[in-house]
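Here is a friendly briefing to read with the model open beside you. Take the topics one at a time and look up each part as you go.

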Amino acid sequence: MRIFSRSLSALTAAAVLLIPAAPASAHPQETWRTLETEHFDIHFPDGGYEVALRAAGYLETAHQSLAPLLGHRPRLRTQVVLSDDVDFANGSARVVPYPLVRGYMAPPTVDSLLNHYDDFLWLLLVHEYAHVLHLDNAGGLPEVANRIFGRRMTPNHLAPKWMIEGVATLFESTLSAGGRNDSSLAEMYIRAKVLEDQEIWPIEHLSGAPSSWPGGNLWYLLGGRFWAYLIEHYGEVAGVALPEDYGRRILPFALNSSARKAIGSTLEEIWGEWAEEEAEHHGRVIENLRREGVVEGRRISAIGRRVTSPRWAGNGSKILAYVEAKETAPAIRSFDIEGPIPAEPRETEDVRRAIGASSFALCPQGDMMVIAIRDSYRIEQRYDDLWAADVRGGPLFRLTRGLRARDPALSLDGRRLAFVSRRRGETALYVASIELDTEIPGQPSVRLGRPVRVFHEKGVHLDRPSFSPDGASLVFSGSRTDTGRDLILLDLEGVDLPAPVLSIDERGAVGPPIDPSLSPDIIEESAADEELTGNVVRLTRDSAQDIYPVFDPNGTRVLFSSDRTGVFDLYAVPLDESGSPGKLERLTRTLTGAFEPALSPDGTAVAYVTYTASGYDLALLTLGDSEELEPPPVPRDREPKTPNPGRLYPVRSYSPWASLRPYYWLPFAGVDSEGTTLGLNTGGSDAIGDHSWSTSVWIGTTSRNPGYNAQYSWRGLYPTLGISSSRHQYRTSNSHIRDGVPQRYDERAWRLTGTASLSIPSNERSQSLSLSVAADHRKVLSGVPRPDPGEAVPVLPESGLITRTRLSWSTSSVRRFPESHVPFEGTSFRLGAERASRFLGGDFDYTLVTGSATGHRLLPFGRDNVIAGRLQVGLGHGTPGGRNLFSLGGLSVSDPLELAQNLGAAPSGPILRGFPPFGLSGNAYWVANLEHRFPLLTPERGLGTLPVFLRRVHASAFVDVGAVSLDTAALPDARTLLGVGGEVRLDIILGYQINVDLRLGWARGIGPDAVAAPYFGFGGAF
């Protein structure tokens, strides 16, 4: 099989940069429809017609506006998939083999860099369709090749991500009233960098995929602004000429050649000019803020990346906050606040791991919390739901399932729970009665009532509700159509909530279900269908982003964060007895930003989230110590740029066939056991991702032996079903014995395989299960030369049919975090069993069982030092015609092109370094690997615009121990083999987008056939 992979290596090497992954499958339980316009096929699930109709008008308007600006019109219709499977805002675009745009219906939250929009769907579709027009723009020889072979050569796809995303970000900001080029959050990210380092990130930092904060967001933040500078200073023609020239080049990565031809300068030169101007601009903003007088709190944490949701606890002696740090698991942490504001950041301790959390609410007693956690729902979807937890430890208790609930808020008496839910691009506010009983530490019980919808306004996206001290009102943030967000006050008087009727305790016991159709232990989506709306007061009405509102302890003011000056600061709006707003009060004047105010119980101090170049942290401000600040003028309303959705379009049931047909064919060259092969490859996938297929056919130029590989998978059910077939000729990695010496041999195989696989993702531990049935006919091609009289008769494996069934299961909690160099916590287990039998029509009988276990642990010394171990075992009985069931040895790099598809993947087979690759064969083995891993460098640098980016350098010292035997029963007595050595591993990005892990090491083996030599290989750490 290894050699068969080589027969496709030339194809892989030529096309790996040009072939994006198949689209993610849509949820199998959805019924899909298609809306057709002049240039687009828009696919959407039932219930999404209004969103699809708006998208139709927006896309046709985007086509009319963007096609002239980018100088290109696609030859093929663009497929657009609007799905509602996740609770975060995002989209994607590809042009190979046909133009495809995917967009999620969920609107951005207030803490997202996408939160600046007049209509998020308009901004999203402009951004993604700009990608289509940019990436699809090919000419010259690449376009000739596309006309002949189908759309496979798109040189503009082989550009740095900052360039690709910069073009789209420019147009999202130009054609809408929002966008990241005009976002106060984006300004803050760059201003903080200039404040601390006096400069902008160099172009070398963006050529690959930086992991240090703010990571890939820089592609958008800097790329969009750079592209705007390019057009402003070099003319609109330059913005079209550069991608047009690059799209005509048959050899990729010559960006500066295109830049010199189109603009007259290299991109490094222009970046330097822009970066200097950008740094000067933000330097002036910083100087003006300092001249006006900085009023801000003192930082009480120095964690970086993301620290959010500060909540006072312990009667004001500590603050809890959600923390996503650089190299540790996300958790809710406790910050000690007793005493005066510290000169240095406080030490923290983890209260509870909270992977996937976004925000949480703390009950008045401070011993229970309600957490919003995003996790898998019905396998394919990623939804927010609510969980209850005891602060002092113990299990999490699920409160909702599939209700898509986030932003929980608890009333001060702990008897009302508010949250925001979203569906089909809309949001609504819900309130439910709740009882939290924590009399026994670590054994709480929860009772929850039926949620009631109390506010919904079409097109208004809601965030972060907060109760008044008496629980009679809610204040929250709602979006506007001119890029702003207003504060909305909702009077709950007269809103009667159903009493808590569903109970959950530490034993998992539940009370009577609310409705027979509901799950017995949780509130389902269908439970939240009542609506009672109280009186509504708009506390602010302007184009500013007014977000994170909270009441003061007296209920007479609402504190919030706003960017009405272009910088996010804290403000307060007083309320009279009727709830009407008074004159605005300003509380801070910061250099970067202030968010999420949380008042101390006595109202004398406010904790809030601040920002530095390393990310978000906590700050504490004592109120009343500074002079009164004059509030800024009311921002002027902006004119929305959202187009009219347009006319109606016909709708039909979704059919996969139009997008599933073959759009391309590619010639390729490879090898079989006798020499070169020549062949053709094609394939396809439908727009929503239910069906995918590929086929390759070839013939050997020397062997004259034909071969093929065909596969099809269907994701329309749980589990995913697949069928594949192949015929190929290769030189095996196994061996036969001649004169006592193992020798490789040639073989021809025909295989037919059916599979059913199921993956169950989860924040804490994912699982997968797979069942396959295969018929595998093998014919030995090597002859048996006549032996010398004194030589033992050579033994070749038998030809014949192998009919086998394989069942495998795996589970993993292994994880790595944004800036860790290797996985550093968790365990994984894998079990597999395979049975071949004459009873199934085959010619051979054998049984084999394999298993592996891995573990990772962060060491208490050094920085990011990890101990990692893996144990692998394989036991077999019988034989597939004289062939050994297992082989192991050192890392193999027989053909680097063979590894092009998996350069970053960890080797999954048994590795025993210090011995030749595949040099040890048998029917049973065990291998244990132990590594001490530690970082060396984190350069995160490229070479200008060249397609090479070195992200990290790390090392390991290892010990490999194992044994192999021809007989399973003899394995305990087999000689133990030992390999020791060290590796240096380079985390590299090639071609701007391909992750490559290069391993350079030295190993010394102890035992038969051992070697002591340097080696190299590809693949990440297990």
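Predicted model: local features only at pLDDT ≥ 70, side-chain atom pairs only at ≥ 80, totals over all residues.

Residues are numbered from 1 along each chain as its sequence is written, and side-chain values use heavy atoms, leaving out hydrogens and water.

**Helix H7 with helix H11**
- Helix H7 covers residues 184-197 and helix H11 residues 267-292; helices (H or I, at least four residues) and strands (E, at least two) are DSSP runs, numbered from the N terminus.
- Their axes come within 9 Å and cross at roughly 85 degrees (axes are lines fitted to C-alpha atoms, for helices over the stretch in contact, and angles run from 0 to 180 degrees between N-to-C directions).
- On the H7 side, Ile190 and Val194 are among the residues that meet H11, where the partners include Ala279 and Ile286 (contact means heavy atoms within 4.5 Å).
- The residues of this contact divide into seven nonpolar, three polar and four charged (Ala, Val, Leu, Ile, Met, Phe, Trp, Tyr, Cys and Pro count as nonpolar, Asp, Glu, Lys and Arg as charged, and the others, Gly among them, as polar).

**Helix H4 with helix H6**
- Helix H4 (residues 120-135) packs against helix H6 (residues 161-175) at an angle of about 135 degrees, and their axes are 8 Å apart.
- That angle makes H4 oblique to H6.
- Eleven nonpolar, four polar and two charged residues make up the contact of H4 with H6.
- Valine 167 lies in helix H6 and is buried, with a relative accessible area of 1% (buried means under 20% relative accessible area, exposed over 50%, partly exposed in between, with a 1.4 Å probe and protein chains only).
- Valine 167 touches Leu70, His134 and Trp227, leaving aside neighbours within four places in sequence.
- From C-alpha to C-alpha, valine 167 is 6.2 Å from glycine 224, although the two are 57 residues apart in sequence.

**The six-stranded sheet**
- Six strands form an open sheet of mixed pairing, in the order S4-S5-S3-S2-S1-S35 (two strands pair if DSSP finds at least two bridges between them).
- Strand S4 (91-94) and strand S35 (651-653) each have a single partner strand, so one side of each is left without a neighbour in the sheet.
- S3 and strand S5 (residues 100-104) pair in the parallel sense over five bridges, and leucine 82 stands opposite glycine 103 in S5.
- H4 lies across S2, S3, S4 and S5, running at about 25 degrees to S4.
- Serine 83 lies in strand S3 (residues 78-83) and counts as buried at 1% relative accessibility.

**Strand S22 and its partners**
- Seven of the seven residues of strand S22 (residues 473-479) are buried.
- Strand S21 (residues 462-467) pairs with S22 in the antiparallel sense over four bridges, with aspartate 463 opposite serine 477.
- Seven bridges join S22 to strand S23 (residues 485-491), and these two also run antiparallel.
- Five residues sit between S22 and S23 in their hairpin, where threonine 483 in the turn has a positive phi of about 85 degrees.

Key. Parallel < 35°, antiparallel > 145°, perpendicular 65-115°, else oblique.
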